[in-house]
There are 2 protein chains.
Amino acid sequence: MITGEVATQEKITELLPFLLRPENIARYEDGSVYICDRRKYPFSREFVRCNSVEEVAMAIEQMVTQGGGPWMAAAQAMMLAACEVKGEAQQKVCAHLSGARDRLVVTRPTNTAMARRLELLLESAVRALESGDSVENAIAEWIERAISALYENYAIRARHAASLIEDGDGILTNCFAETGFIVAVAMAVRDGKRVQVFTPETRPYFQGAKLTSPCLHELGIRVKLLTDNMPAYVMSEGLIHKYITAADLITVDGHVVNKIGTFQLALAAQYHNIPFYAFAWGKDEDSQTRSDIKMEYRDAAEIRQAMGQPTTVESIDAWYPAFDICPPQLVAGVVTVHGVLKPEALVNYSVW
Amino acid sequence: MITGEVATQEKITELLPFLLRPENIARYEDGSVYICDRRKYPFSREFVRCNSVEEVAMAIEQMVTQGGGPWMAAAQAMMLAACEVKGEAQQKVCAHLSGARDRLVVTRPTNTAMARRLELLLESAVRALESGDSVENAIAEWIERAISALYENYAIRARHAASLIEDGDGILTNCFAETGFIVAVAMAVRDGKRVQVFTPETRPYFQGAKLTSPCLHELGIRVKLLTDNMPAYVMSEGLIHKYITAADLITVDGHVVNKIGTFQLALAAQYHNIPFYAFAWGKDEDSQTRSDIKMEYRDAAEIRQAMGQPTTVESIDAWYPAFDICPPQLVAGVVTVHGVLKPEALVNYSVW
């Protein structure tokens, strides 16, 4: 273990930028679910209004929200489902909720965390139904508890990561490492440390340019946007001291799977003796080691465009591996609720 | 030395794609200079028509042509200058040509090779003037000889590089390594070797997407376009066997300066035991070692856009180092007219 266990009651509400406040990610209000449209951010702050489960499902499929957004939008959609069968017979309510869950889960077939959460939400709703309690209340309370637990988890891990950051640090990230990373940097700055974050733009979707940079900038944190081919040069100039990213998945034996480019920058970091830390999302016992990882390849046509403009002619072949894999030898630490662990130590913990 | 000296009389005309044929780069025709507009390629094949030295200078400044293009356009502009003062007194002709040269040189202040070539062209014109010969003929002949010598140089170096390529190789490049690289791959394919080239798109200008990929594709060479954050992953999949780029400058002690991203990919190549070769353009005695290199930083606003579309809001700070530096330890060989040399051996050769 690199840093020890700390319980944190730190309030992080004021450290959250617009995009990461739970009520802005997705909220239920008067029979509608409002989802912040990340496709339009940072150019505008708009919400997509959905009046049915199907509309929420389509919004998720159309990438209105990403990262930690889909499960929250899907959970709020279950409120819509409950309203649609209010006062109906128990069996009908149960079937309707179950059908809504099934529709929402298929919007992101690889998002097993969302499926698990919706299953728990459904169980809670069914229990209320069987006890004659309000299903809507049960769902609303479940969502509130889940969000509260999630943000407490973010706060604990952000505190661990913030402790790694030193006064004067240049920090490289990749893609959009969401609440854990943003709050960690904000905590370090609140602690009085001077920090400069370098944000590679992250092709082909530009999450570094569109999401990470504006979120940090909104919180008054110094940001320098780079293209994805620049970080090694910035390292060679001595401007980067830590490399910190999220992780889409970490195998039990410590391989970090994250957005494409993470591995390339980890190699550059290793060459420059810069430690690489990854936020663990949660444990996935299905992935013991590298060979258990199912790589995702997306539509190559995405590589022939930038911001919707063609970058070359259609006859050019392209390839779009969406993620890459960092072996544990490149990972200085994994940021978990237990502290920052050596990747080889993860196997000793039942929950990360 | 890695491969020995070879004299080559190989004809490379049929190995040149549209963009790299000298008559398409820039040509003088009936009182006008036509410059292929690389800004519009590969979406269209258009020429900018210039009727004066000033129009050529502005076209160069406006990035109508790049790489090996500016000096050719500037040389053809000297034909225009000569026509403008045809029949005038010797002193006036001389002053006019000299003024034209001065205007053309400032279009690319860091392009010392262009300045050197225009000086030689001017000397040749002045000699003709003093002998009472046709200045236009002298310039036209000088240009023909210079282009012929240049393409012979390309052919020799391309043959050396082609000899490095093995049947079944996956080849990574970066940016647009121009005629030397394109012809080397074309030669290897003509020699019966099966080759697959991976072309990172090269942000922020997309030269990999817009220039390298279409040039190779036009010659029937297999190409896969990538974003700049993907090559290390492609290497980890065992698909890349050589990494070959151009070099904007190589120091006498073997540091390779090239388009931003070259260093980052050289680090990934080293980790995967993939040799990195760079085409030497020519010797620059002004750069003995790393500390002699003047780095070029361009307008950060370029980093906040892609294909003219904003990728983030204007308030986000950005940084645009245009080149990076690979130390000789990362360079397996430098492709010169003498063969493929270890970077440490360059110092032993008076001309590369």
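Modeller: One definition to start with. Copies are superposed by least squares on the C-alpha atoms of residues with pLDDT of at least 70 in both. The model is predicted. Chain A goes onto chain B by a rotation of 180 degrees, with 0.0 Å of shift along the axis and an RMSD of 0.0 Å.

Biologist: What makes that the relation of a two-fold axis?

Modeller: The rotation is 180 degrees and the shift along its axis is 0.0 Å, which means the relation is that of a two-fold axis. The same surface serves both copies: 100% of the contact residues of chain A recur in chain B.

Biologist: How many helices and strands does chain A have?

Modeller: Chain A has 10 helices and 15 strands.

Biologist: Why is chain A called as compact as a globular protein of that length?

Modeller: The globule rule gives 20 Å for 352 residues; the radius of gyration of chain A is 21 Å, close to that value, so the chain is as compact as a globular protein of that length. Its C-alpha trace spans about 65 × 55 × 40 Å along the principal axes.

Biologist: What share of chain A counts as buried?

Modeller: The cut-off is under 20% relative accessible area. By that test, 60% of the 352 residues of chain A are buried. Chain A exposes about 13,500 Å², with 49% supplied by carbon and sulfur atoms.

Biologist: Which contacts in chain A join residues at least 24 apart?

Modeller: Take contacts between residues at least 6 apart in sequence: 73% of them join residues at least 24 apart.

Biologist: How far apart are the mean positions of the charges in chain A?

Modeller: They lie 4 Å apart, for 34 positive and 44 negative charges.

Technical notes. Residues numbered from 1 in each chain as written. Chains lettered and ligands numbered in written order. Predicted model: local features only at pLDDT ≥ 70, side-chain atom pairs only at ≥ 80, totals over all residues. Heavy atoms only, no water. Contact = heavy atoms within 4.5 Å. Helix = DSSP H or I, 4+ residues; strand = E, 2+ residues; numbered from the N terminus. Rg over C-alpha atoms; globule rule 2.2 N^0.38 Å. Buried < 20%, exposed > 50% of the residue type's maximum accessible area, 1.4 Å probe, protein only. Areas by Shrake-Rupley, 256 points an atom, 1.4 Å probe, with all protein chains shown as cover. Lys, Arg positive; Asp, Glu negative; His and termini not counted. Charge placed at Lys NZ, Arg CZ, Asp CG, Glu CD.
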